[in-house]
Amino acid sequence: MANQNSTTSKADRERGLRAPIADYVGKIQSQIDGLRADGTDKVISLQEHIDKIKRDRTLSKEEKDAAIAKDASLMEKAKQVEASNKDEVAKLIADAENYLKEHFDKDYYQVIKAECIQEKVAAKERYQAKVAELEREHQQAVSKLTDHQEIKDEKYVYKNKLFDAKMGYQDELQHIKDHRHEAFTYQYHLIDLLRMSKFTFAENAAQKWENYKYTFNKRTFLLQNGLYLAILLIFIMLCIITPIVKGQPLLTYNNVLNILQQASPRMFLALGVAGLILLTGTDLSIGRMVGMGMTAATIIMHQGINTGSVFGHVFDFTGLSIGARVVLALVVCIVLCTFFTTIAGFFTAKFKMHPFISTMANMLVIFGLVTYATKGVSFGAIEPVIPNMIIPKVSGFPTIILWAVAAIVIVWFIWNKTTFGKNLYAVGGNPEAASVSGISVFGVTVGAFIMAGILYGCGSWLECARMVGSGSAAYGQGWEMDAIAACVVGGVSFTGGIGKISGVVVGVCIFTALTYSLTILGIDTNLQFVFSGIIILVAVTLDCLKYVQKK
């Protein structure tokens, strides 16, 4: 009863604090509503009616035109009323806002905030007292017992009581948090009515920050960002250690450009496999695709007649112009990669084969064919003018980065602004439900593999230009792990239907930066694999924990 009376008196006191603000702003709001009735409100109402008429298929064109013309005439009058009252409305809004600035924080919100702080302290004291009381009762109860099972039962009851006390304490804290949040948002509720949902940039930022603090959960935050924080700390440590060990700073302009330059071809591969992971799949053949693409591109763009042969035949593309050879190399890379990814996609979609199997088969077939055809030799360098044509450096800036940016923009658009992209998320999230709703699971799956093949082809072509050739079947070994790991670290979930392009970009940059940093520091390549493996394990573990928590 005492608690109920306390709650009632607290509510009455809050209403008393809020009353002057509500009365003053409420009177102004009534005047504004009166001025808007025949102006702004009628304009909005008539515009909604016109939109409704346009969507109405039961009306003929003549009937629609007549109705719209009538509403347009009424709207013109309403706009004149709105214009005539504009200055008066603005003056009233300014009056109300000035009053809120002067009184809301000082006379209401700070008072409520201080009360909430006191309530949190009191709630903690009550919780601690309750825990101490339960501890005493438990010790007294245990001291009177001799039977082992009875003692075990008492401990079980004690743990349950502690849990109930903790839940009650957390509920109380949540009520206090809700109370403070409600007090904060009351001002924006009034402003919302005054301005008809038009907030300034600063007001929007303040509301977003408040909502973030209100919904913040430490466990969820660590699950979502713990890996990034750990990697950031490791990178900071590397930035500190590298100047000490190597005598040169790690985070320089040139090093950043080198990292982005190395990450650019890998970005294509990660963007390709990200679509497959979105469908709860993967692709183990990426590295071999790169080797195949690099070999084909090097043969076509080779400096002079090829020194190596394919199935015993030596190719000579010197009769074509440099530009034609560049384009032909890109087309061949895309066609070859897309051909094999389409095969894997067909078996995955048609026979419900796991992508692990279909892409592993691809990996073996591609490596076997390319190695057998080329005898495993490297095809040397491409024409030295080609890299300057495709990825020139402008004032020291490597334009290969712009190719990666273009790929990011295109894939982002496909994922977020096209029907195929929406279907990709739908099939990845729940293929059965997607099929029932009319989405072709087969078409989406094969489409994702085709898109991956196109991106692999472009990535291998760019890598050939970056490395000035040196294509061989062995090139790209292990790249599939880097691409998959970058996606997982970037938040593309193996549970399906979850992932963002921004996460893929962050993942690629993180992995490339760490590899580059460890290489500069002189860490053995084999240890770098260990490091990457640990990151992948932690990333997938956190992803699984998020999935379990959601379930």
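The paragraphs below walk you through this predicted model, from the overall build to single residues.

Before we start, note that residues are numbered from 1 along each chain as its sequence is written, and that side-chain values use heavy atoms, with hydrogens and water left out. Because the model is predicted, local features need pLDDT of at least 70 and side-chain atom pairs count only at pLDDT 80 or more, while totals for chains, interfaces and linings use all residues.

Let us begin with the whole chain. Its secondary structure comes to 18 helices and two strands; here helices (H or I, at least four residues) and strands (E, at least two) are DSSP runs, numbered from the N terminus. Along the principal axes, the C-alpha atoms of the protein chain fill a box of roughly 95 × 95 × 55 Å. The radius of gyration of the protein chain is 33 Å, whereas a compact globule of 551 residues would have one near 24 Å. That radius is taken over C-alpha atoms, and the globule rule is 2.2 Å times the number of residues to the power 0.38.

Of the 551 residues, 39% count as buried. Buried means under 20% relative accessible area, exposed means over 50%, and partly exposed lies in between (1.4 Å probe, protein chains only). The protein chain exposes about 30,200 Å², and carbon and sulfur atoms supply 62% of that area. Such areas come from the Shrake-Rupley method with a 1.4 Å probe; for residues, only the protein chains shown count as cover.

The charges come next. The protein chain has 55 positive and 49 negative side chains, and the centres of the two sets lie 5 Å apart. In this count, Lys and Arg are positive and Asp and Glu are negative, while His and the chain ends are not counted. Each charge is placed at NZ of Lys, CZ of Arg, CG of Asp or CD of Glu.

A contact here means heavy atoms within 4.5 Å.

Gln261 is buried, at a relative accessible area of 14%. Leaving aside neighbours within four places in sequence, Gln261 is in contact with Lys393, Pro398, Ile400, Ile401 and Arg466. Leu257 is also found in helix H7, and at 8% relative accessibility Leu257 counts as buried. With neighbours within four places again set aside, Leu257 is in contact with Gly396, Phe397, Pro398 and Ile401. The C-alpha atoms of Leu257 and Leu521 are separated by 18 Å, although the two are 264 residues apart along the chain.

Moving on to helix H11, we find Ile390 there. Ile390 is buried, with a relative accessible area of 7%. Beyond the neighbours within four places in sequence, its contacts include Trp403, Trp461 and Leu462. Ile390 and Asn416 are 26 residues apart in sequence and 29 Å apart in space, C-alpha to C-alpha.

Where does Gly39 sit? Its place is in the loop between helix H1 (2-37) and helix H2 (40-55). Gly39 is buried, with a relative accessible area of 0%. Not counting residues up to four places away in sequence, Gly39 touches Ala78, Val81 and Glu82.

Most residues other than glycine have a negative phi. Phe311, although not a glycine, has a positive phi of about 50°. Phe311 lies in the loop between helix H8 (286-300) and helix H9 (322-350), and Phe311 is exposed at 56% relative accessible area. Lys375 is not a glycine either, and has a positive phi of about 60°. The loop that holds Lys375 runs between helix H10 (355-374) and helix H11 (386-390), and Lys375 is exposed at 64%.

Finally, the cysteines. A disulfide is a covalent bond between the sulfur atoms of two cysteines; here it is a pair of cysteine sulfur atoms within 2.5 Å. How many disulfides does the structure hold? The number is zero. Cys333 is in no disulfide, and the nearest cysteine sulfur, that of Cys337, is 6.3 Å away. Cys333 is buried, with a relative accessible area of 0%, and Cys116 is buried at 3%.
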